[in-house]
Amino acid sequence: MARTMSVLTRLRRICLALPDTEETLTWGEPHFRVANKIFCGCGDEKGRTVVGFKLEREHAHVVVQDPRFRPTPYVGHKGWVSMDAAGIRDWDEVKALVLESYGLIAP
C-alpha cells in the first residue's frame, strides 16, 4: 500500500498539472479524467501497483514488448496498456506516456 501511495502521489503531480483534469474514484481506484473521460489510472492488480494509459495502437503494440507493460484487460485492443510500477526507472518516461494518453483523450 505504501508503494501505491508514493506512485499515486507522483502520478497526481503529473496528471493534475494538465488542463481541465480531475481525479475520480472509479472501480474503487484513482483515475484521472479530462472532459469526464479517463486518460490515466493507478491501482493494485494482484498485489502489484500498476499505472494505465491509452497510447496510439502502434505505440501500444511496441510498448508491450517490454516486460514492464501489458495490454490492459478489456481495453487493451483500444491501445490501453498497464505498466508495472515496480518497473518505473524514470518518471520522465511515465510523464511522456501520460501526455500521450491525455492528448488522445482531451477534446
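Predicted model: local features only at pLDDT ≥ 70, side-chain atom pairs only at ≥ 80, totals over all residues.
Residues are numbered from 1 along each chain as its sequence is written, and side-chain values use heavy atoms, with hydrogens and water left out.

**Exercise 1.** Describe the order of the elements in the protein and how compact the protein is.

*Solution.* Begin with the elements, which are DSSP runs numbered from the N terminus (helices: H or I, at least four residues; strands: E, at least two). The protein has 3 helices and 6 strands, and from the N terminus on they run α-β-β-β-β-α-β-β-α. Next, the radius of gyration is 12 Å, close to the 13 Å that the globule rule gives for 107 residues, so the protein is as compact as a globular protein of that length. Here the radius is taken over C-alpha atoms, and the rule is 2.2 Å times the number of residues to the power 0.38.

**Exercise 2.** Locate Arg 68 and find the partner of its side chain in a polar contact.

*Solution.* Arg 68 lies in the loop between α2 (57-63) and β5 (69-71). With a relative accessible area of 11%, Arg 68 is buried (under 20%, with a 1.4 Å probe and protein chains only). Finally, the side chain of Arg 68 makes a polar contact with the side chain of Glu 93 at 2.9 Å, where such a contact is a pair of N or O atoms within 3.5 Å, one able to donate a hydrogen and the other to accept it.

Notes. Buried < 20%, exposed > 50% of the residue type's maximum accessible area, 1.4 Å probe, protein only.
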